[in-house]
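The exercises below go with the sequence and structure shown here.

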Amino acid sequence: MKEFEPFPQLDHLCRPLGRAPCQTQSGPETRGPHRRCWACRQVPHPVAMGGNMGQLGIQTCESLAKDKPFDPVEPPKRPTSNLIMHSMAMLGREFCYAVEAAYVTPVLLSVGLPKSLYSMVWLLSPVLGFLLQPVVGLASDHCQASWGRRRPYILTLGLMMLLGMALYLNGDAVVTALIADPRRKRIWAITITMIGVVVFDFAADFIDGPIKAYLFDVCSQEDKERGLYYHALFTGFGGALGYLLGGIDWAHLETGRALGTEFQVMFLFSALVLTLCFIIHLCSIPEAPLRDVTKDIAPQQAPQDFALSSDKMYQYGSIEKVKFGSVNPELAFQGEKHKNSAGQSRKAMTMKSLLRTLVNMPPHYRCLCISHFIGWTAFLSNMLFFTDFMGQIVYHGDPYSAHNSTEFLIYERGVEVGCWGLCINAMFSSLYSYLQRPLGSYLGLKGLYFLGYFLFGLGTGLIGLFPNVYSTLTMCTLFGVMSSTLYTVPFSLIAKYHREEQDEKRQQAPGWSLDSDGRGQGLDCAVLTCMVQLAQILVGGGLGFLVNKAGSVIVVITASAVSLIGCCFVALFVRYVD
């Protein structure tokens, strides 16, 4: 066999499938359609072709080299440090969530928010999220920013979280300093605080979808699963850290006296943690932009028989299917051609086309969304009313008695213990996330999914039937199992579904392009996350009525029943991929 020298500028990118790196000369063994670029899997070897074809292949590969793309078929294995850095966004988000859970009710009470507006504050954000999250997911699939598709949305939503915290934790202090009239001061304080709570909840709920899609875009299948476990691990750690700092009486410490109130102390900590975590996250793994590779190629260089469309765009520098190779399905652009205008490169994103895409989702995606909705309904039913359950049912306190009465003080003590229960939940969620990988090798995703729902249903049922301080705190560990399960298993299935679709379509139709129906990983992650908002709407709108009529114990029993129903659903209707 004749020896050839590799292209120096393409040695790290281009090598034939199963052969040596791309060669500067051609021979009998290098001719033919089997010569493909390792980076794009579809460009015929430039030196095996003559004339414009060779120039086109060289320019395309050089443009890929400039962008430093990943292997489109299977991105390279990521170091553990990169996955940990990527997971820091979940730590920052959950830390701020815990601060909100600890302080938002005292803040709203301190500004004098009328009881009639409470439901609007808690329902407005999930309603907006449920309606707009698929739109944001689809938009991120089409984003053409120079530094990636997902990171611009993550940065924007992170800034919105920071703005929301600044408004609801500092709004009252700022208004007090600027406005003297008591009536106007109260109106402005309520308005700014409500806006802050809604903006923070909206951004914090939204950001999970782009973060997951970012992980799926830049990682191999194995790293996707590892990354999801690290996400759940740092989610629990961030929640535990937030609850611990929220439980400190800052008003009696030097830091609290220096900054004014404990609200300003927690804003300082939250802003520092969130900013640091998101900077680390955004710098964790490079994300190649979605762009039109044909812009790098002069029109006269593309012959008629080279099937490269000028009106279609592809991500990560990949190009459309050519007659000698297959398009990379994982990194192909999700969209369809504009048949009437070659100048328009993006599919119009209308609400009608979005709804059509959602309705036409494969049945197994729909079943996964339903199971996710059931799980979050059960989880939120318990967690949102857990501290009230501890105060009223376990400690037998009365939140409606006089504030200097023994019954009210007992209720407050129960609420404090309930906060420690939430901290136990967060810490065990982090620990269980670490144990999920070895457990998954024995139980599989189906076993992990079923186990999470079953243990949560069992735990909530036991504390509802036998309310006791120590048994209830012990059962909080099972809440952590459910939390970790909801953050990992459904998204692992989404990644496996996409991988399965790519493999099947690549075998059945060599010219197939992924998500020609408009669906991408960003949209599917967004739709799955929408189930959280739908559960919030149902729990906030329906269970509040049940609590007023029957007490907090009915919520715990309801959570147990819904979770056990979810056990049956995940066992019978959700499809699992080996």
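**Exercise 1. The overall picture**

The protein exposes about 24500 Å², and carbon and sulfur atoms supply 65% of this area. The model is a predicted one.

Task: State how many helices and strands the protein has, what share of its residues is buried, and what share of its contacts with a separation of 6 or more joins residues 24 or more positions apart.

Solution. 
1. The protein contains 16 helices and 2 strands.
2. Of its 578 residues, 55% are buried.
3. Among contacts with a separation of 6 or more, 77% are between residues 24 or more positions apart.

**Exercise 2. Confidence**

Task: Find the average pLDDT of the protein and say what the pLDDT is over residues 1–72 and over residues 513–518.

Solution. 
1. The average pLDDT is 74, and 70% of the residues score at least 70.
2. Over residues 1–72 the pLDDT is below 50, and the model gives this stretch 148 contacts beyond near neighbours in sequence.
3. Over residues 513–518 the pLDDT also stays under 50, with 25 contacts beyond four places in sequence.
4. Where pLDDT is low, the predicted coordinates should not be read in detail.

**Exercise 3. The nonpolar core**

Task: Name the residues with the most contacts inside the largest nonpolar core, the helix that gives the most to this core, and the contacts of Val574.

Solution. 
1. The largest nonpolar core has 117 residues, and Met161, Tyr449, Leu493 and Val574 have the most contacts inside it.
2. Helix α14, residues 469–508, gives the most to this core, with 15 residues.
3. Leaving aside neighbours within four places in sequence, Val574 is in contact with Cys367, Leu368, Ser371, Tyr449, Leu493, Tyr497 and Phe569.
4. Two of these partners, Tyr449 and Leu493, are also listed among the residues with the most contacts inside the core.

**Exercise 4. Helix α12**

Task: Count the buried residues of helix α12 and name them.

Solution. 
1. Helix α12 spans residues 386–394 and is mostly covered, with 7 of its 9 residues buried.
2. The buried residues in α12 are Phe386, Thr387, Asp388, Phe389, Met390, Gly391 and Val394.
3. His396 follows α12 and has a positive phi, near 60°.

**Exercise 5. Aromatic rings**

Task: Classify the pair Tyr168 and Phe200 and the pair Phe569 and Phe573 by the geometry of their rings.

Solution. 
1. A pair of aromatic rings is described by the distance of the centres and the angle of the planes.
2. The structure holds 13 aromatic pairs. In the pair of Tyr168 and Phe200, the centres are 6.1 Å apart and the planes are at 65°, so the pair is edge-to-face.
3. This pair links distant parts of the chain, with Tyr168 in helix α4 (residues 151–178) and Phe200 in helix α5 (residues 182–206), 32 residues apart.
4. Tyr168 is buried at 1% relative accessibility, and Phe200 is buried at 0%.
5. Phe569 and Phe573 form a tilted pair, with 5.0 Å from centre to centre and 35° between the planes.
6. Phe569 has a relative accessible area of 14% and counts as buried, whereas Phe573, at 49%, counts as partly exposed.
7. One aromatic cluster is formed by Trp376, Phe379, Phe386, Phe456, Phe479 and Tyr487.
8. Lys212 lies over the face of Phe491, 4.8 Å from the ring centre.

Methods: Residues are numbered from 1 along each chain as its sequence is written. This is a predicted model: local features need pLDDT of at least 70, side-chain atom pairs count only at pLDDT 80 or more; totals for chains, interfaces and linings use all residues. Side-chain values use heavy atoms; hydrogens and water are left out. A nonpolar core is a set of buried Ala, Val, Leu, Ile, Met, Phe, Trp, Tyr and Cys residues joined through side-chain atoms within 4.5 Å. Buried means under 20% relative accessible area, exposed over 50%, partly exposed in between (1.4 Å probe, protein chains only). Helices (H or I, at least four residues) and strands (E, at least two) are DSSP runs, numbered from the N terminus. Contact means heavy atoms within 4.5 Å. Rings of Phe, Tyr and Trp (its six-membered ring) pair if their centres lie within 6.5 Å; planes under 30 degrees apart count as stacked, over 60 as edge-to-face and the rest as tilted. A charge sits over a ring if NZ of Lys or CZ of Arg is within 6 Å of the ring centre and within 35 degrees of the ring normal. Accessible areas come from the Shrake-Rupley method with a 1.4 Å probe; for residues, only the protein chains shown count as cover. pLDDT is the predictor's confidence in each residue, from 0 to 100.
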